[in-house]
Amino acid sequence: MLSCGLYTSDMSIRNYSIKQKEEVFEREFLPHINSMYNFAFRLTFEEDDAKDLVQDTYLKAFRFIDSFEQGTNAKAWLFRILKNSFINDFRKKSKQPSKVDYNEVESYYNSEDVDETITTDLRVETVQHMIGDEITNALNALDVDFRTVIILCDLEGFTYEEMAKILDIPIGTVRSRLHRARNLLKDKLRRYANKMGYK
Amino acid sequence: MGRLSGAWLKSKLKFLKNMDCPDQARCFEILQLVLDEEADEAQRERFELQIKNCMPCYKRYNLDVAIKDVLKNKIEVKSVPEDLVDSIKFKIKNAT
């Protein structure tokens with residue numbers, strides 16, 4: 001079975017009629033197409049790839065709609081399918097597997113010298129004066145796994161619990177990955193600010 | 001007196017600014033929970049106390065809030081291609 005269900009411990013299969021399936025699809029899935037397309041674009045950086053990824057995700061969602069319980073979190077369910085499709089299809093195609101060593105991330109997060117002086121010279125005003133492209137470039141420069149947690153949390157507003165289900169990782173790992181991702185993003189922003197001579 | 005106080009305050013602030021938080025790993029963890037609205041009441045209380053008394057934590061939190069805000073509000077939102085929804089619906093119709 002496709003591992004797209006968010007609530008695997010509580011998963012039950014429904015038998016929707018074709019008409020019901022179309023109604024659920026229209027009412028619960030399609031309203032999230034903007035977020036889905038933007039998530040796909042921020043993962044792939046290509047409009048055509050983003051389009052294919054979203055299309056593929058919606059087709060899978062429809063095919064496995066009987067495992068979706070109406071009124072539950074459709075957006076998180078769709079994001080999970082999209083993320084899995086990206087890993088299984090798109091990332092393999094691009095031959096760019098994750099280079100992140102999460103054990104290293106965990107030990108970094110738990111170490112005493114975490115955060116040291118990485119961002120001491122980045123100011124709030126500098127960040128506020130940056131334009132959208134500068135923020136986007138810094139975000140896009142992050143490894144996809146770090147970029148993903150920032151997108152899910154800060155752009156899409158998912159809770160840690162939802163992120164854990166979307167990404168298939170424990171909540172503690174969501175927190176540590178997010179923490180590390182934000183430090184890396186700050187470092188990119190600081191370097192950018194220094195390069196541009198921002199005060 | 002006023003001038004003395006000002007100079008003292010300035011040097012004190014400079015000292016605090018350059019000082020590290022003595023328990024930063026734990027504090028930064030709580031700052032993140034508050035930032036993401038995931039903190040419980042006890043963590044929130046500790047946070048309130050911490051940012052009043054610790055300049056590095058205060059600065060860190062304000063920076064984190066600013067970054068979260070620009071991420072949310074300044075990154076371009078792409079428009080969904082016009083034909084995407086129709087294309088999805090068409091493929092579903094053909095598959096059923």
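Reply: Arg14(A) lies in the segment that precedes helix 1 (18–29) of chain A; helices (H or I, at least four residues) and strands (E, at least two) are DSSP runs, numbered from the N terminus. This is a predicted model, in which local features need pLDDT of at least 70 and side-chain atom pairs count only at pLDDT 80 or more, while totals for chains, interfaces and linings use all residues. Residues are numbered from 1 along each chain as its sequence is written, chains are lettered from A and ligands numbered from 1 in the order in which they are written, and side-chain values use heavy atoms, with hydrogens and water left out.

With a relative accessible area of 19%, Arg14(A) is buried, a class that means under 20% relative accessible area, with exposed over 50% and partly exposed in between (1.4 Å probe, protein chains only). Apart from its neighbours within four places in sequence, Arg14(A) is in contact with Asp66(A), Ser67(A), Phe68(A) and Glu69(A), where contact means heavy atoms within 4.5 Å. Arg14(A) and Gln70(A) are 56 residues apart in sequence, and their C-alpha atoms are 10.0 Å apart in space.

Ala61(A) is located in helix 3 of chain A and counts as buried, at 0% relative accessibility. Its contacts, leaving aside neighbours within four places in sequence, are Phe29(A), Trp77(A), Leu78(A) and Ile81(A). For Ala61(A) and Trp77(A), which are 16 residues apart along the chain, the C-alpha separation is 8.5 Å.

Helix 3 also takes part in packing between the chains. Two packed helices are described by the angle between their axes and the distance between the axes. Helix 3 (residues 47–63) of chain A packs against helix 5 (residues 84–95) of chain B at an angle of about 40°, and their axes are 10 Å apart; axes are lines fitted to C-alpha atoms, for helices over the stretch in contact, and angles run from 0 to 180 degrees between N-to-C directions. Helix 3 of chain A is therefore oblique to helix 5 of chain B, given that angles under 35 degrees count as roughly parallel, over 145 as roughly antiparallel, 65 to 115 as roughly perpendicular and the rest as oblique. From helix 3 of chain A, the contact is made by Lys51(A), Val54(A), Gln55(A), Tyr58(A), Leu59(A) and Phe62(A), and from helix 5 of chain B by Leu84(B), Ser87(B), Ile88(B), Lys91(B) and Ile92(B). These residues divide into 7 nonpolar, 2 polar and 2 charged; Ala, Val, Leu, Ile, Met, Phe, Trp, Tyr, Cys and Pro count as nonpolar, Asp, Glu, Lys and Arg as charged, and the others, Gly among them, as polar.

Another pair across the two chains is helix 10 (residues 171–196) of chain A and helix 4 (residues 55–74) of chain B, whose axes come within 12 Å and cross at roughly 85°. That angle makes helix 10 of chain A roughly perpendicular to helix 4 of chain B. Here His179(A), Arg182(A), Asn183(A), Leu185(A), Lys186(A) and Leu189(A) meet Arg60(B), Leu63(B), Asp64(B), Ile67(B), Lys68(B) and Leu71(B). By class, this contact of helix 10 of chain A with helix 4 of chain B has 5 nonpolar, 2 polar and 5 charged residues.

Within chain B, helix 2 (residues 24–35) and helix 3 (residues 41–53) pack at about 115°, with axes 10 Å apart, and are therefore roughly perpendicular to each other. The crossing of helix 2 and helix 3 of chain B is left-handed. Arg26(B), Cys27(B), Ile30(B), Leu31(B), Leu33(B) and Val34(B) of helix 2 meet Gln43(B), Arg44(B), Arg46(B), Phe47(B), Gln50(B) and Ile51(B) of helix 3. The contact of these two helices of chain B has 7 nonpolar, 2 polar and 3 charged residues. Cys27(B), at 3% relative accessibility, counts as buried.

Chain B has 5 helices and 0 strands, and buried residues make up 36% of its 96 residues. Among contacts between residues at least 6 apart in sequence, those joining residues at least 24 apart amount to 76% in chain A and 55% in chain B.

Technical notes: A crossing is left-handed if the near helix is turned anticlockwise from the far one by less than a right angle, and right-handed if clockwise.
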